[in-house]
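Try each task before you read its solution.

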Amino acid sequence: MQRGNTGIAFQHQLKTQRTRLKMLSKEPWLLGIIILLFISLFLFSVYPILQVLKLTVYDETGFQFDKVAEVLNAHFFQILWNSLQLGILSAVFGTAIGFVFAFAVTRTQMRGKKFFHLIAMLPIISPPFVMALSMILLFGRNGMISSGLLGIEDSDIYGLTSLVVIQTLGFFPMAYLNLRGVLESIDGALEDASLSLGASRWEVFRTVTFPLALPAIFSSLLLVFIKSIEDFGNPMVIAGDYSTLAVQAYLEITGMYDLKAGAFMAVAILFPSLLAYMIQKYWLSKKSFVTVTGKPSQASKGIGDKRIVWPLFAFCSLLTGSVLLFYGTVAWGAFVKVWGVNYTLTLDHFKYIFTLGLDSVKNSLIMATASTPITALLGMLIAYLIIRKNFVGKKLMEFSTILTFAVPGTVVGIGYVLAFNEKPLLLTGTAAILIIAFTFRNMTVGIEAGSNSLRQVDASIEEASTSLGANSLTTFWRVSLPLMKSAMFSGLVYSFVRSMTSISAVIFLVSVNWNLMTVSILSQVESSRLGVAAAYCLILIFIILIVIGFLELIVNRLGSSKRGAH
Amino acid sequence: MKKWVSTVGSLMMATTLGLVGCSSGTQAPKQEAGGTSQVASTPASAAPAAPAAPASKNLTIYTAYPEQEAVVYIDEFKKATGIEAKFVRLSAGETLVRLQAEKGNPQASIWYGGPSDTFIAAAKEGLLEKYKPQNADKIPENFQDKDGYWSPVYVGALGFAVNSDWLKKSGIPAPESWDDLLKPEYKGNVTMAHPGSSGTSYTVLATLVQIMGEDKAFNYFKKLNENIRQYTKSGSAPAKQAGLGETGVGISFAHDILAPKNEGYPLTLSFPKEGTGYEVGAVALIKNGPADEVENAKKFIDWAITKEAQDLYETSKSFRLPVNPDATVPEGATKLTDLKVINYDAVWAGENRDALVKKFESQVRGKEGVK
């Protein structure tokens, strides 16, 4: 009896698998793309990390687990716990701030929305080490605020608190970008309906807006959590007594020359990240969040109530103040002789960059420009496939996209060298290896934003398109993509900025012909030439702001021209 | 109407995904490494009649020198030889990892700069090729690698980076001995890296064990621990923090101290009178590197130990001490002969590293104390 049941269940499963395959075979293009995606995800996300893992447990004599046993001691679990604590705190604060910003910008009539939108994106441009350094210059023992303004004699800023502050400031834009799209596309009519039924603003928020934003909130928590425990630059400078896994792994490799132990520690960061990821996916699979149905709806005017708008405005202004304080410090540092000591104005640092460093700036720009559109489109495509299509191994695809995002950059860098240094997969030394690494490492934010947007859209809109004869790809291009406009923008911005600012993966992949700007910044920081580092950062910020403006223009056009054509 | 959009889009997607296949052909691979390196390892006289490998004008260098320094040296080498040398800048620890990962097909032929202990580790892993440069016998023997895997290019002595403003404010003189650091006026104002995470700091530990003997040295560190403000992660951080006023005294290598001082940070450099340890900076030939570069790489090592090359430490304002006795000592740096350095035993230090670091962690300050 029992066996019969499982047999039937198994047959049933086979049958559904077969029908799925049959559906796919009707669309050879789609099938081809899915297969291509699988191959490339395996090659560029899974395989390099497997190589690193292999390095830690396998040598000529076979499997060796003594290194793993050596690493897994009480000290390891202590720093693992440190990392988790840091990740949770930063995720909660970062997401909360991101939510308030996104809510204020999309659903109220607050003044200065454009400005706040820009400010909320500024902190993702955090070049290696520089934010932590400006923390020291502002609040350290000789800090301009701590000692100069407040007269504190012996301020000690090294530790968890500073780390959480810096990470929250640095990562809330990720949450903002992720939440903005979702909050924007919640149909205003829904909120208006519950208002006119007599609900208070608070009740509307609690029962309509907030629940609809939940998936995006959870995915923001996840993204910030992962990035926080994977972060290396900030804890390296400012963590004080507080050891984290990412930093410890790096030191094990470069300070103790123990590649095996370090690589294992770095890969171990994957486990909490993947666990958080699976919890989130399990929870999401249980609910529906559709609000965009294609039926006519009116755009809500947004909340104008002063009692709501003013506190939001104050909050956003306060945060904007802190963001500007940090960036102002950097900007100022670029124009003075010795950052922190001699405040005579000078242009020397820029002169150095324009005579010696321009090549690496140009290279960074080329790499980022090449990888950005690929990353964002791939992200949207994968989001579309994951939410809308059924195919064998979908879970696997979803899972593999998160891998290179969740491991510390060091692992990605080492893994790529291990995987692509010999024929037939010889990529080291080329521009391609950098572009590919950027693409697969930065894709996740686009995928998350895209999935969140699509979850809100009723599948019947796309079904209408297919039943009118369009194939899945045309539907993706003409119907789904424009609906994911805001997510597309997030994917583009995140990918561009991260490509311009990433360091720990890149350090192993740059070559004589393709050296990057962040490697130069790091070298300047290491030799105490903070002024030049700050000047590089200023140039970086300038470039990125121009590009963000440009992207905004393009993405907006993407939607409106479509509408105009109809 | 807009069907082409989807076609073009999917084509684009397909080509980018297929990028792998094509791009592997774009770089000239160098696979004949095995054969040619054997030819090259015949005793290298300056100009052998016919070079066996197809000689090129290229040279790829991994360097641990800061960018602005590397440019000075490598440009000068280009001028002197006409060889098209190019470099990638990585820290010494990162270079070691990269060489390990690239082992099957190294992308560079020279590793230039960085402390000898990383080179010793690399030689142990079989990543370096032995090479004895011309005129190597000019260089004092105590700096040389007995196995001949790497050649010394500079020496850096351990010293104290003292914040001058802090000295003035608290009215105390700069420390002049290791014992001075134990005085109560330095409480909470001494910063060093943790020997478990930094090669510089391990040199401090090994130096004191060699000066005082193991028991006395550990007693010293236990007392010093009372005065420590921070154990930093990286070896040059103590000097930087002293420069920024985050601490009073930082223990670092002299060139790591003089660099921020030269940038304008208020630092005083002093050396302990009991004697001090040092690191040797090195250059080495990477095993199985690009075959067409081997001869150029050897020329580079020959050049790196010359007076002309080491005179550049002054031009680059790096304050490294040349190991070539004919080279000019940079102004502001103390001559090695005027400095009381101990006869630092790098081999012993390397062999005892694990044991000493473990002892430090259990008796003085565990890794959880690393800042």
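**Exercise 1.** Work out how many helices and strands chain A has, and how its radius of gyration compares with the globule rule.

*Solution.* Start with the secondary structure: chain A comes to 24 helices and four strands. Next, take the radius of gyration, which is 25 Å for chain A. The globule rule gives 24 Å for 566 residues, and the two values are close, so chain A is as compact as a globular protein of that length. To picture the extent, note that the C-alpha trace spans about 75 × 70 × 45 Å along its principal axes. Then look inside: 52% of the residues in chain A are buried. Finally, take the contacts in chain A with a separation of 6 or more; 81% of them join residues 24 or more positions apart.

**Exercise 2.** This is a predicted model, so check where in chain B the confidence is lowest and where it is highest.

*Solution.* Begin with the whole chain: the mean pLDDT of chain B is 82, with 84% of its residues at 70 or more. Now go element by element. Helix H3 of chain B (residues 33-40) has the lowest confidence, a mean of 37, while strand S4 of chain B (residues 128-129) has the highest, at 96. Residues 1-51 of chain B have a pLDDT below 50, and this stretch has 52 contacts in the model beyond near neighbours in sequence. Where pLDDT is low, the predicted coordinates should not be read in detail. For the model as a whole, the scores are ipTM 0.81 and pTM 0.83.

**Exercise 3.** Find out which strands pair with strand S10 of chain B, and in which sense.

*Solution.* First locate S10(B) at residues 278-286; nine of its nine residues are buried, so the strand is largely enclosed by the rest of the structure. Then go through its partners:

- S3(B), residues 110-115, pairs with S10(B) in the antiparallel sense over four bridges, and Pro115(B) has Gly281(B) as its bridge partner.
- S5(B), residues 150-163, pairs with S10(B) in the antiparallel sense over seven bridges, and Gly156(B) has Glu279(B) as its bridge partner.

**Exercise 4.** Describe the side of chain B that touches chain A: which helix gives the largest share?

*Solution.* Count the residues first: 63 residues of chain B are in contact with 63 of chain A. Several elements supply at least two residues each, including H4(B), S2(B) and H11(B). The largest share, nine residues, comes from H1(B). Last, sort by class: 22 nonpolar, 26 polar and 15 charged residues.

Technical notes. Residues numbered from 1 in each chain as written. Chains lettered and ligands numbered in written order. Predicted model: local features only at pLDDT ≥ 70, side-chain atom pairs only at ≥ 80, totals over all residues. pLDDT = per-residue confidence, 0-100. Contact = placed C-beta atoms within 7 Å. Buried ≥ 20, exposed ≤ 12 C-beta atoms within 10 Å, placed from the backbone. Pairing = 2+ DSSP bridges. Nonpolar A, V, L, I, M, F, W, Y, C, P; charged D, E, K, R; others polar. Rg over C-alpha atoms; globule rule 2.2 N^0.38 Å.
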